[in-house]
Amino acid sequence: MTDLRFDDKVVVVTGGGRGIGRGHALLLAAKGARVVIADNGADIDGRACAWRPADAVVEEIAQAGGRAVACSASVADEAGAQSIIDTAVDAFGRIDAVINNAGVHDPGLFETLSMDRIRTMLDVHYFGTLFVSRAAWPHLVDAGRGRIVNTVSEAMLGGIPELTSYGAAKGAVWGLTRNLATEGAAHGIGVNAIAPRAYTRMSASQGRQLAQLYGMSEDMMAEINASMPPELCAPAAVFLAHESCSCNGEVLLTGMGGVSRLAVVRTQGIWKQALSAEDVAENLDQIMNVDDAYVTEVTRSVL
């Protein structure tokens, strides 16, 4: 197997100062990439913080013999997102890939969430991904190649309490990923996403509630958390960012040493010219049966 190198390539990693993003940045640098670490050091709920974690990762990469620069702009601000891409071009003269990883976490029951809290989720996750991707897009189109790797979450599928705002924002990122993949293929741009499973400061904030939900003891939860270091999500993200990756519009569920495809399927369902509500009710089992379902493809691959 050929080593997936990034020599002379430039990759932007948002939220790269801590957790999952830091893991992406370190692996990319180890593979020869010149990395832009974008992180404004915000707390997990998006509130401003004076700490600049991106600088620490840049220093870590430099000490290992790699090259990286930091940018502390916010992805949620359109001008800030543009400055992140400008930093890459100014420092290294080009851009080859973007990993949109920046995120915030502020769980709450639907009826208790203020509109401001909901908007913050959309501002960082959805608009942050949109702004950075949009700023990078002309450079990738001009180059006739490139990769964008977004970050979604299993939370967008439901099943975890108090994540209405977070899950909805990640669902929006998934929709953006699929549609950008459709447009990007004509330009040689692949757009995919990872859905990470990792123990980070964000997941830690909800750990006790999840333990109660699934009937786990604190010791059992601690053991699971120990098996989910964030750096185990990096290989899948780095693969999707590599120029040899032909995937497009895909989501890779990754973490804990595993990778799998997360996909939307369409069942065979029923077809009837004069369909009635009663037909739906009477044939619900057949409509819901996934035995012969097929994956909905977004577009052709980029290779």
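Modeller: Start with two terms: buried means under 20% relative accessible area, exposed over 50%, and partly exposed in between (1.4 Å probe, protein chains only). Contact means heavy atoms within 4.5 Å. This is a predicted model, in which local features need pLDDT of at least 70, side-chain atom pairs count only at pLDDT 80 or more, and totals for chains, interfaces and linings use all residues. Residues are numbered from 1 along each chain as its sequence is written, and side-chain values use heavy atoms, with hydrogens and water left out.

Colleague: What do the buried residues of H1 pack against?

Modeller: They pack against S1, S2, helix H2 (53-63), S4, S6 and helix H9 (234-241). The buried residues themselves are Ile20, Gly21, Gly23, His24, Ala25, Leu28 and Ala29. The names come from DSSP runs numbered from the N terminus: helices are H or I of at least four residues, strands are E of at least two.

Colleague: How do you know that the span of H1 agrees with its 12 residues?

Modeller: The expected span of a helix is 1.5 Å times one less than its number of residues. For the 12 residues of H1 that should give 16 Å, and the end C-alpha atoms are 17 Å apart, so the two agree. Just after H1, Gly32 has a positive phi of about 100°.

Colleague: What is the handedness of the unit made by S1, H1 and S2?

Modeller: It is a right-handed β-α-β unit, with helix H1 covering residues 19-30. A crossover is right-handed if, with the strands pointing away from the viewer, the path from the first strand over the helix to the second runs clockwise. S5, H5 and S6 also make a right-handed β-α-β unit, and S5 and S6 pair in the parallel sense over 6 bridges.

Colleague: Why is S6 called largely enclosed?

Modeller: Because 7 of its 8 residues are buried. S6 also pairs with strand S7 (residues 251-255) in the parallel sense, over 4 bridges. Ala195 has Leu253 as its bridge partner in S7.

Colleague: Where does H4 bend?

Modeller: At Phe127, by about 40°; the bend at a residue is the angle between axes fitted to the seven residues ending there and the seven starting there. The 29 residues of helix H4 (residues 115-143) should span 42 Å, and the end C-alpha atoms are 40 Å apart, which agrees.

Colleague: Why is His125 counted as buried?

Modeller: His125, found in helix H4, has 1% relative accessibility, so it counts as buried.

Colleague: What does the side chain of His125 make a polar contact with?

Modeller: The side chain of Lys170, at 3.1 Å. A polar contact is a pair of N or O atoms within 3.5 Å; within protein, one must be able to donate a hydrogen and the other to accept it, and residues adjacent in sequence count only if both atoms are side-chain atoms. The His125 side chain also reaches the backbone oxygen of Val104 at 2.8 Å.

Key:
Two strands pair if DSSP finds at least two bridges between them.
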